[in-house]
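Hi everyone, thanks for having me. Please take a look at the slide while I get set up, and then we'll walk through it together.

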Amino acid sequence: MSDYILTLLSDLTGNRTAGSVIISVVFLIVGFWGLIKGADIFVDSASQIAAKLKVPLIVIGLTVVAFGTSAPEAAISITSAFQNNAGIAVGNVIGSNIMNILLILGISALISRLPVKKTTFRYEIPFVVLITVVMLVLGMIGNSLDRMDGLIFILLFAVFMAYLIKLSKSGDNSLAEDVPEIDENASVLKMILLVILGIAMIVLGSDFTVSGATKIAEVIGLDDRVIGLTVVAFGTSLPELVTSIQAARKNKVDIAIGNIIGSNIFNILFVVGISSLVSPSPIAFADSFIVDSIVAVAAAALLWLLVLKNKRISRLGGVIMLACYAGYFTYLFL
């Protein structure tokens, strides 16, 4: 639908090239807004419904909030997979993961030093390195990600969920920190309607975003991979960026790194896993993604090294991470 509207509006403009770019940018902005706002509405409303059903906050945090924060990446990648656009489907996830660590944590560390929890240092950061390597290896085998690969990711995702549940039972309540404030007077019917609205906005937002990004890539001569790794990745990482910066400004940074790492794990295991399972054909894993995946592995390894001694990211560490992202960003456009 969005492709048809985009083509029709472009035809109505005098200068087709300039008109296509302007309209595509508008589509991109509208799509990002729909994704982010829809995810917010979905998380808030679903959390209220779960609370009404007496679901513990920790469970809400592990399910509703976790899935909601990954909704933009999931919607974009799944939509792109259906449209056979591997550049955005894969590039969105890899780009978001690189951006989450090097850019978002880098900026946050400049505002306030970021401590890391013991479990995040011991298990979660190494797990990110591991699953990124797994994605790289599976992608290199046959230069694609198929349904069998998707099943592997989903099985690893189930292992990660089991780990989170075990962590919550050990008394670690930080996993429920992001659960929205519960309104006991909220109407269940209203919340159900808002959940439906949130899902609709996510779906339409992803459709608009993919169409706009693909058209921009065609018009200005950039491949879908670069658009997915930069523009789309930045748009889907906006919730994490805003949340992390706000947390750093308010000195609520005790779980900042854990949240980013959790998002990266969800992106690879859930988003790539589901995309690989539902895609009509195997998702192409271009040779260029090998370098990008290696950068994603290196970013996670750098994070682990920066927190190795003092279990926190210092401002110097933040500068190093931002410098690394600047170098990678430059490489993409060379």
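Predicted model: local features only at pLDDT ≥ 70, side-chain atom pairs only at ≥ 80, totals over all residues.

Let's start with N259. You'll find N259 in helix α9, which covers residues 256-278. Is N259 buried, exposed or partly exposed? Its relative accessibility is 34%, so N259 counts as partly exposed, since that class sits between 20% and 50%.

Now look for N100. This residue belongs to helix α4, residues 86-111. Along the chain, N100 and N259 are 159 residues apart, and their C-alpha atoms are separated by 10.0 Å. N100 has a relative accessible area of 0%, so N100 is buried. And what does N100 touch? Leaving out residues up to four places away in sequence, its contacts are L105, S237, E240, I260, S263, N264 and N267.

Next, the cores. The largest nonpolar core has 56 residues, and I257, L269, L303 and I313 have the most contacts inside it. Several helices give two or more residues to this core, including α3, α8, α9 and α11. Which element gives the largest share? That is α4, with 12 residues.

Let's zoom in on I313. Again leaving out residues up to four places away in sequence, I313 touches L105, A109, R113, L114, I257, L303, V307, G318 and M321.

Key:
Residues numbered from 1 in each chain as written. Heavy atoms only, no water. Helix = DSSP H or I, 4+ residues; strand = E, 2+ residues; numbered from the N terminus. Buried < 20%, exposed > 50% of the residue type's maximum accessible area, 1.4 Å probe, protein only. Contact = heavy atoms within 4.5 Å. Core = buried A, V, L, I, M, F, W, Y, C linked by side-chain atoms within 4.5 Å.
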